[in-house]
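Welcome, and thanks for taking a look at this one with us. Please open the sequence and the structure below, and keep them side by side as you read.

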Amino acid sequence: MLFALALAYAGFAALCLAMERHHGEVFGSRRIPPKRRLALRLIGWTLLAASFPACVASWGWVIGPAAWCGLLTAAALPLVLLLPYAPRIAAGFAPVAPILTGLAALAARI
Amino acid sequence: MKHGFRQSMAWLHTWSGLLVGWVLFAVFLTGTVSYFRPEISLWMRPELHGAAPNPRAAEVILAELQRRAPDVPSWNIQLPTAHNPVATAFWRDRTAERGFRLIQMDPRTGGELSARGTAGGDFFYAFHFQLYSMPPLWGRWIISFCAMFMLVAIVSGIVTHRRIFADFFTFRPRKGQRSWLDGHAILAVLALPYHLMITYTGLVTLMILTMPWAIMTNFDGQRQAFNAAVFGIEQPGPRSGQAAPLTPIMPLLDEASRRWQGGQVGRITVSNPGDANATILLAQRDSERLSVSRRTVIFDGTTGAFQSAREPDAPADETRGVMYGLHIGRFGDGAVRALLFLCGLMGTAMVATGTILWAVKQRQKAGALSRPGARLVEILNVGTIAGLPIAVAVFFLANRLLPVDLPQRAEWEVRCFFIAWGIAALHPLLRRHRRAWQEQLWTGAVLFLAVPLVNAATTHSHLGATLRAGNWVLAGVDLMLLVFGVLLGATARIVGRSRPAATPNRAAEGRRAMPALAE
Amino acid sequence: MARSAAPASERLRILGILSRTVAALFGGYAAAALASVCLAVGLPTSPAEAALTGMMASFAVMTGAVVWVFAAATALRAWIGIAIPIVLLGGIFLLLRMGHGA
């Protein structure tokens with residue numbers, strides 16, 4: 001469940017970095033190379049999509065989809081609140097969180 | 001009226017939201033709290049905290065009911081769950097005070113548990129959909145009316161906010177009016193599926209009251225015929241007069257669980273207990289299904305033979321069941337309800353930021369000379385947005401502090417709630433606006449932080465004990481109260497630090513950012 | 001809001017808003033109720049199913065009606081726009097009723 005949340009957070013963070021304003025806050029330049037923009041968008045949508053099966057895995061087909069909608073909200077809120085105060089931390093957290101929670105989920109299964 | 005579709009929708013959004021904003025705030029807040037209704041009810045009855053679940057609870061309770069109430073038409077039993085380790089039994093009894101008996105039972109011994117008089121979490125629940133102390137029908141009509149305004153405000157808000165995707169992640173703090181606008185938009189957009197879902201499904205839960213015309217036409221005004229067709233409420237057969245013992249219950253629970261692919265029984269209804277014509281109806285737990293239309297199975301009460309099963313399969317009925325289920329959020333585990341709770345808080349904050357945004361904008365336009373209408377909105381804002389949390393905290397404190405044997409104790413708890421709210425509503429009349437906000441927010445913060453302390457002083461199930469025992473149901477309520485206290489305190493600090501009025505160029509900036517809303 | 005406008009036009013504006021509010025509340029409710037009974041009578045499912053579908057859909061109809069009333073260019077157009085569907089739905093309902101009653 002935390003893994004699904006982390007995936008959604010990372011997905012939103014990637015989509016957000018593909019926007020000029022937020023790219024500027026994190027990398028210092030509002031100009032995004034077109035290839036990087038495309039890559040960020042692809043990664044973002046893929047991660048958001050990947051959080052769906054992760055939700056279904058933890059809650060099943062009946063409750064999983066409803067939980068996914070709520071989880072997207074819960075993932076986006078901390079990102080939005082963190083961005084104006086600490087944009088680099090908000091973005092840096094994105095690749096770390098899925099790895100940590102993924103490992104924790106694996107460890108719990110073993 | 002105005003020029004252009006977006007302008008007229010901005011106008012509609014402003015007024016449909018503002019006019020009923022304070023009712024909506026109260027409904028959102030009490031509804032959000034009601035996601036944890038069973039937990040709060042348990043927390044408010046410390047006398048029951050010793051109860052522990054028992055896998056054979058059904059057997060123990062049926063044996064006890066056989067002893068206590070052998071000759072009644074039926075028994076209704078709610079089995080204990082992880083959130084609520086106490087079993088509840090209900091049966092008709094003409095000699096009882098209200099014509100029925102409702103008791104709480106220890107799942108290990110079957111003994112009746114008596115607790116202090118309290119409305120518990122049911123108070124917030126009843127306030128949420130019928131405004132508690134109002135005549136219920138009036139309360140429900142008012143709430144449906146306000147929910148309709150909410151739906152209109154959401155739809156017109158979506159139209160007004162044309163930069164939904166461009167501003168998806170944008171929050172600019174410490175910028176006066178623009179921060180309020182950003183905050184309002186973010187709370188609305190991030191939880192938009194939730195807001196639409198909760199408002200529409202809320203209307204659907206009360207539709208039999210507010211939109212009965214389809215039933216009138218199709219069933220010639222016969223509500224009972226409709227109820228029988230939709231809810232499958234079947235009358236049990238007559239008693240035979242021949243005594244016969246009940247069949248053991250545990251094998252039936254296993255059989256039902258097998259039919260539901262592992263689903264658990266949540267409720268048992270025994271009709272004609274002790275008679276040869278007895279039947280046993282088992283219904284699946286709410287927490288396992290999205291829909292509230294129940295899956296049930298009926299057995300013969302003496303032989304245990306399978307009689308019939310009901311699987312909700314009619315599409316419209318199932319849609320209604322799912323809408324209802326989504327609204328009351330009894331499905332899923334604690335994590336799902338925590339997500340719903342978070343979304344509910346965002347909805348509450350969305351309504352609050354909306355009404356505050358209106359007041360901030362009026363101040364900026366009129367400067368220090370605020371018009372009476374704007375002043376009224378400011379007073380209502382403080383009295384509701386800061387005042388209602390104070391009343392909630394007072395309700396929790398009253399539960400612990402009022403004498404346990406006070407007559408009409410449950411009513412007094414509710415009175416404390418309304419007295420506190422009344423004082424909070426009058427207080428901003430006497431104070432300057434900013435001071436009123438600060439004083440009420442700090443009061444709320446202190447009261448919320450005080451609840452776990454008072455709990456520790458008056459009961460044995462305080463955080464020190466519940467955390468060590470891993471009792472997350474009770475510890476969760478205390479922790480949530482602490483979080484609320486910290487949040488209110490943080491808000492009070494922000495209000496105290498922010499500058500009295502935004503400078504004019506910032507106001508102009510805000511207006512440029514959203515021309516449609518700046519009127 | 002044009003607060004500097006002359007009192008007469010201000011009064012006209014307020015009257016316009018009041019009249020639209022009446023159209024939205026009562027006209028919108030009437031349209032929603034008629035839509036629900038039309039679905040209840042017209043849908044080829046069981047009476048209970050058809051009634052439930054009509055009732056659940058009615059709130060969307062009401063929202064649409066309110067949006068229309070406040071989006072129309074003039075109050076008169078708003079009233080016409082809400083009256084036409086009400087008359088149409090009423091006619092459909094009567095026709096369906098007769099079809100069933102025969």
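Two pairs of chains are in contact, and chains B and C share the most contacts of the two. Chain A and chain C do not touch, and their nearest C-alpha atoms are 20 Å apart.

**Confidence in chain A**

- Chain A has a mean pLDDT of 88, and 100% of its residues reach 70 or more.
- Among the elements of chain A, helix α1 (residues 2-17) has the highest mean pLDDT, at 91, while helix α2 (residues 20-27) of chain A has the lowest, at 82.
- As a reading hint, coordinates predicted with low pLDDT should not be read in detail.

**Where chain C meets chain B**

- The contact draws 34 residues from chain C and 42 residues from chain B.
- About 3300 Å² of area is buried between chain C and chain B, and carbon and sulfur atoms give 74% of that area.
- Zero salt bridges are counted between chain C and chain B, but nine residue pairs are in polar contact across this interface.
- On the side of chain C that touches chain B, at least two residues come from each of α1 (7-42), α2 (47-71) and α3 (75-101) of chain C.
- Helix α2(C) gives the most to that side, with 19 residues.
- By residue type, the side of chain C that touches chain B divides into 26 nonpolar, four polar and four charged residues.

**Helix α5 of chain B and its surroundings**

- Helix α5 of chain B spans residues 122-130, and its buried residues are Phe123(B), Phe124(B), Ala126(B), Phe127(B), His128(B) and Gln130(B).
- These buried residues of α5(B) pack against six helices of chain B: α2 (21-34), α3 (37-43), α6 (136-160), α13 (315-328), α15 (372-401) and α16 (409-430).
- Leu131(B) follows α5(B) and has a positive phi, near 60°.
- Ser34(B) lies in helix α2 of chain B, and it touches Phe124(B), Tyr125(B) and His128(B), leaving out residues up to four places away in sequence.
- Because its relative accessible area is 12%, Ser34(B) counts as buried.
- The side chain of Ser34(B) also reaches the backbone oxygen of Thr30(B), at 2.8 Å.

**Phe52 in chain A**

- Phe52(A) lies in helix α3 (residues 34-82) of chain A.
- With a relative accessible area of 25%, Phe52(A) is partly exposed.
- Setting aside neighbours within four places in sequence, Phe52(A) is in contact with Trp61(A), Pro65(A) and Trp68(A).
- Phe52(A) and Ala67(A) are 15 residues apart in sequence, and their C-alpha atoms are 9.3 Å apart in space.

**Salt bridges**

- Over all chains, the count comes to 18 salt bridges.
- In chain A, the side chains of Arg37(A) and Glu20(A) meet in one of these, at 3.7 Å from N to O.
- Arg37(A) lies in helix α3 of chain A and Glu20(A) in helix α2 of chain A, so this pair ties together parts that are 17 residues apart in sequence.
- Both partners are partly exposed: Arg37(A) has 23% relative accessibility, and Glu20(A) has a relative accessible area of 44%.
- In chain B, Asp182(B) forms a salt bridge with Arg172(B), with the closest N and O atoms 2.7 Å apart.
- Asp182(B) lies in helix α7 (residues 177-190) of chain B and Arg172(B) in the loop between α6 and α7 of chain B, so the pair ties together parts that are 10 residues apart in sequence.
- Here both partners are buried: Asp182(B) has a relative accessible area of 7%, and Arg172(B) has 16% relative accessibility.
- Arg375(B) forms a salt bridge with Glu378(B), the closest N and O atoms being 3.9 Å apart.
- Arg375(B) and Glu378(B) both lie in helix α15 of chain B, three residues apart, or about one turn of the helix.
- Arg375(B) is partly exposed at 25% relative accessible area, whereas Glu378(B) is buried at 2% relative accessibility.
- A network of salt bridges links Glu255(B), Arg258(B) and Arg259(B).

Note on methods: Residues numbered from 1 in each chain as written. Chains lettered and ligands numbered in written order. Predicted model: local features only at pLDDT ≥ 70, side-chain atom pairs only at ≥ 80, totals over all residues. Heavy atoms only, no water. Buried < 20%, exposed > 50% of the residue type's maximum accessible area, 1.4 Å probe, protein only. Helix = DSSP H or I, 4+ residues; strand = E, 2+ residues; numbered from the N terminus. Contact = heavy atoms within 4.5 Å. Buried area = accessible area lost by both parts, 1.4 Å probe. Salt bridge = Lys/Arg side-chain N within 4 Å of Asp/Glu carboxyl O. Polar contact = N/O pair within 3.5 Å; in protein donor to acceptor, adjacent residues only side chain to side chain. Nonpolar A, V, L, I, M, F, W, Y, C, P; charged D, E, K, R; others polar. pLDDT = per-residue confidence, 0-100.
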